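Please read them with the structure open.

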Amino acid sequence: MKKNKKILFAALFCMGAFTSCDVNNENILFQQTKKQLHLEYNQETESENISENSREKFKAVWVPVMEYKYILQDKSKEEFENEADKMIENISNDGYNALFLHVRAYGDAYYKTDLCTKGSYLTDDSIDVLGYITEKAHKKNIEVHAWINPLRCQSESGMEKMSGDYIIKKWYEDLDINGKYIVDVNGTYWLNPAYEEVRRYIADVSDEICRNYSIDGLHIDDFFYPTTDENFDRQAFSESGYSSLSEFRLQQTSLLVKSVYDAVKNADNNIVFSISPQGNMKGNYNSQYSDVKKWCNESGYCDMIIPQLYYGFKNETCPFTDMVQLWRDLTTCKDVSLCIGICNYKDGLKDKFAGTGINEWIENRNITSQEIEYVLNQENIDGYSIYSYTAEYHK
């Protein structure tokens with residue numbers, strides 16, 4: 001392994017993207033018709049086709065905010081704990097050794113905090129979602145990585161309801177800052193990473209989580225810039241001295257990533273900081289403004305990269321095996337581990353951006369397990385993460 005971190009690839013030996021070859025639609029998670037089976041990968045029934053050393057690899061699952069609809073919403077503390085216990089038991093039985101728990105999705109929090117408003121699914125203030133799940137998962141030898149969306153905030157109604165105690169509400173109410181630090185994009189407010197104050201706030205959020213919880217990792221996904229519209233950061237760009245808006249935004253995203261990485265390491269150097277960008281390079285550079293080549297090739301941006309390769313083997317523009325090899329070749333930094341993001345939510349559905357592979361997930365109901373097997377047999381790839389737990393257990 002590339003890193004000697006407090007992570008299960010040492011101890012035991014994680015929203016899809018808007019791209020031309022993939023789809024990101026949260027509603028699709030609830031249209032599943034068949035459960036993806038991962039039991040063949042657990043300790044007792046692991047496939048003979050998988051190499052022996054694959055049993056020591058990172059095997060994670062993303063638990064998205066939508067899961068709180070089932071385990072948290074309108075639940076008492078006891079009811080939540082019972083549901084969380086069932087979830088952790090399912091994750092353990094399915095052979096996973098890590099989970100990415102969504103704890104900040106809309107500028108909110110599913111943990112104890114002084115910096116953020118509580119999450120909308122959290123109706124009992126005595127519940128500490130991150131604290132309870134971390135404690136219980138560790139007893140099952142499952143790592144917990146706290147998953148945050150650094151920039152996405154809430155709708156206008158959500159911002160109006162938010163307490164004035166929080167800094168993003170202060171920015172929202174300040175007429176000189178609203179439209180700069182926090183910007184309305186199609187009805188949802190987003191933080192603008194071009195400002196040092198914004199990056200410092202996200203770093204403080206990250207620091208608070210890392211210092212207050214015994215987590216194994218902090219994780220961010222692909223939600224960086226929400227739009228290509230130049231109005232989003234017109235003033236910051238005009239004052240920057242950059243001639244290229246794309247280069248300017250790539251730099252701001254990297255500054256944000258670097259600030260979070262530094263905050264994590266300052267809090268606890270053993271905590272793993274991971275990023276899950278889009279799988280498609282064009283999407284990363286032309287819409288999200290994510291300089292993934294830099295992050296995969298230079299130290300000091302992340303410990304682990306998990307590209308979202310939510311494609312079938314027959315995807316016309318982004319076939320899965322080709323994309324795996326692309327990212328393996330790209331990740332050259334000895335301090336960065338590569339894991340592969342695999343989806344299960346397309347099972348039984350048309351993949352409308354896959355070209356001639358549009359019906360692959362209908363014709364072959366074993367794509368997810370076959371992709372797992374492929375990844376586990378690759379050298380210089382440290383494991384995988386499945387998106388998502390909700391898609392598997394709540395069809």
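1. Which residue in β8 is the bridge partner of S155? The partner is T188. The model is a predicted one, and the points below should be read as a description of that model.

2. The loop between β7 (182-185) and β8 (188-191) holds N186. This residue is not a glycine, yet its phi is positive, at about 55 degrees. Is N186 buried or exposed? N186 is exposed, because its relative accessibility is 81% and the cut-off for exposed is over 50%.

3. D74 is a further non-glycine residue with a positive phi, here about 60 degrees. It sits in the loop between α2 (68-71) and α3 (77-93). With a relative accessible area of 63%, D74 is exposed.

4. There is also an open sheet of nine strands with parallel pairing, in the order β12-β11-β10-β9-β5-β2-β1-β14-β13. The edges are taken by β12 (337-338) and β13 (340-343); each pairs with a single strand, so one side of each lacks a neighbour in the sheet.

5. Within this nine-strand sheet, β2 (residues 98-104) pairs with β5 (residues 143-148) in the parallel sense, over six bridges.

6. Which strands does helix α7 lie across? The helix, residues 196-212, lies across β2, β5 and β9 (217-220), and runs at about 130 degrees to β2. Helix α9 (residues 245-267) also packs on the sheet, where it touches β9 and β10 (272-275). The direction of α9 makes about 160 degrees with that of β10.

7. The helices α7 and α9 pack on each other with axes 8 Å apart, at an angle of about 30 degrees. They are therefore roughly parallel to each other, since angles under 35 degrees count as such. The crossing of α7 past α9 is right-handed. On the α7 side the contact is made by R199, I202, A203, S206, D207, C210 and R211. On the α9 side it is made by Q252, L255, L256, S259, V260, A263, V264, N266 and A267. By class, this contact has nine nonpolar, four polar and three charged residues.

8. Helix α12 (residues 320-330) packs with helix α14 (residues 367-376) at an angle of about 35 degrees, with axes 11 Å apart. This crossing is right-handed. F320, T321, V324 and Q325 of α12 make the contact with E371, Y374 and V375 of α14. The contact residues divide into four nonpolar, two polar and one charged.

9. Where is the cis peptide bond involving S388? The bond from Y387 to S388 is cis, with omega near 15 degrees. S388 lies in the loop between β14 (383-387) and α15 (389-393).

Methods
Residues are numbered from 1 along each chain as its sequence is written. This is a predicted model: local features need pLDDT of at least 70, side-chain atom pairs count only at pLDDT 80 or more; totals for chains, interfaces and linings use all residues. Side-chain values use heavy atoms; hydrogens and water are left out. Two strands pair if DSSP finds at least two bridges between them. Helices (H or I, at least four residues) and strands (E, at least two) are DSSP runs, numbered from the N terminus. Contact means heavy atoms within 4.5 Å. Axes are lines fitted to C-alpha atoms, for helices over the stretch in contact, and angles run from 0 to 180 degrees between N-to-C directions. Angles under 35 degrees count as roughly parallel, over 145 as roughly antiparallel, 65 to 115 as roughly perpendicular and the rest as oblique. A crossing is left-handed if the near helix is turned anticlockwise from the far one by less than a right angle, and right-handed if clockwise. Ala, Val, Leu, Ile, Met, Phe, Trp, Tyr, Cys and Pro count as nonpolar, Asp, Glu, Lys and Arg as charged, and the others, Gly among them, as polar. Buried means under 20% relative accessible area, exposed over 50%, partly exposed in between (1.4 Å probe, protein chains only).
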